[in-house]
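Here is a short report for a reader meeting this structure for the first time. Take a look at the model, then read on.

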Amino acid sequence: MDKRIETLKEKLPDNHKEVAVLTSHIFDALDKLTTEHRRYVGISAAAKIKPNPDEEKAFFDTIYQVKTLIMSELEKTVEDIEHKGDKNWDKNYKDGVK
C-alpha cells in the first residue's frame, strides 16, 4: 500500500500532500499495533496460553478492513481534489475539499 500512497501523493498539489503523509502515518501506527499484538501473542504462547483462532482472525481481518477503508477514502479525496472546479464532476464528499 505504500506504493499506492506515494502514487496518490504525486497526484496531489503541494498544499494537499500532507493528506497522503497522514495516511502513511496511520498505516505505520496500524503496523506497529499489529507487531505489538504478535509480540503479545508470542509472550502468551511462551506462558502456554493458547490464542483463540477466531479472535486472531477477527483482529487481522479488522486491521485489513480499516486499511482498505482508509485507502479508499484517500483515493476519493484525491479524485475530488483533482476535479476541483469541474462542474460536471459528482463530488465524493458533498462538503467538498479545500
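Asp54 counts as exposed, because its relative accessibility is 62%, over the 50% cut-off. This is a value from a predicted model. Asp54 belongs to helix α3. Its distance to Ile5 is 31 Å, C-alpha to C-alpha. In sequence, Asp54 and Ile5 are 49 residues apart.

## How α2 and α3 pack

Helix α2 covers residues 17–46. Helix α3 covers residues 53–82. The axes of α2 and α3 come within 11 Å and cross at roughly 175°. That angle is over 145 degrees, so α2 runs roughly antiparallel to α3. From α2, the contact is made by Val19, Ala20, Thr23, Ile26, Phe27, Leu30, Asp31, Leu33, Thr34, His37, Arg38 and Val41. From α3 come Glu56, Phe59, Phe60, Ile63, Val66, Lys67, Ile70, Met71 and Leu74. By type, the residues of this contact divide into 14 nonpolar, three polar and four charged.

Thr34 is in helix α2. Thr34 counts as buried because its relative accessibility is 8%, under the 20% cut-off. Beyond its neighbours within four places in sequence, Thr34 is in contact with Phe59, Phe60 and Ile63. Lys67 sits in helix α3. Its relative accessible area is 16%, so Lys67 is buried as well. Leaving aside neighbours within four places in sequence, Lys67 is in contact with Met1, Phe27, Leu30 and Asp31.

## The nonpolar core

In soluble globular proteins, nonpolar side chains tend to be buried together. How many residues does the largest nonpolar core have here? The count is 13. Those with the most contacts inside this core are Ile5, Leu8, Leu12, Phe27, Met71, Leu74 and Val78. The elements giving two or more residues to the core are α1 (2–11), α2 and α3. Helix α3 provides the largest share, seven residues.

Met71 is one of the residues with the most contacts inside the core. Which residues does Met71 contact, leaving aside its neighbours within four places in sequence? They are Met1, Arg4, Ile5, Leu8 and Phe27.

## Ile81, buried in α3

Ile81 is also found in helix α3. Is Ile81 buried or exposed? Its relative accessible area is 9%, so Ile81 is buried. Not counting residues up to four places away in sequence, Ile81 touches Leu12, Pro13, His16 and Val97. Ser44 is another matter: Ile81 and Ser44 are 47 Å apart, C-alpha to C-alpha. In sequence, these two residues are 37 places apart.

## A lysine in the loop

Lys48 lies in the loop between α2 and α3. Its phi is near 65°. That is a positive value in a residue other than glycine. Lys48 has a relative accessible area of 76%, so it is exposed.

## After α3

Lys94 is found in the segment after α3. Why does Lys94 count as exposed? Its relative accessibility is 69%, and exposed means over 50%. The side chain of Lys94 reaches the backbone oxygen of Lys91 at 3.4 Å. Lys94 and Asp80 are 9.9 Å apart in space, C-alpha to C-alpha. In sequence, 14 residues separate their positions.

Definitions and conventions:
Residues numbered from 1 in each chain as written. Predicted model: local features only at pLDDT ≥ 70, side-chain atom pairs only at ≥ 80, totals over all residues. Heavy atoms only, no water. Helix = DSSP H or I, 4+ residues; strand = E, 2+ residues; numbered from the N terminus. Buried < 20%, exposed > 50% of the residue type's maximum accessible area, 1.4 Å probe, protein only. Polar contact = N/O pair within 3.5 Å; in protein donor to acceptor, adjacent residues only side chain to side chain. Axes fitted to C-alpha atoms, helices over the stretch in contact; angles between N-to-C directions. Parallel < 35°, antiparallel > 145°, perpendicular 65-115°, else oblique. Contact = heavy atoms within 4.5 Å. Nonpolar A, V, L, I, M, F, W, Y, C, P; charged D, E, K, R; others polar. Core = buried A, V, L, I, M, F, W, Y, C linked by side-chain atoms within 4.5 Å.
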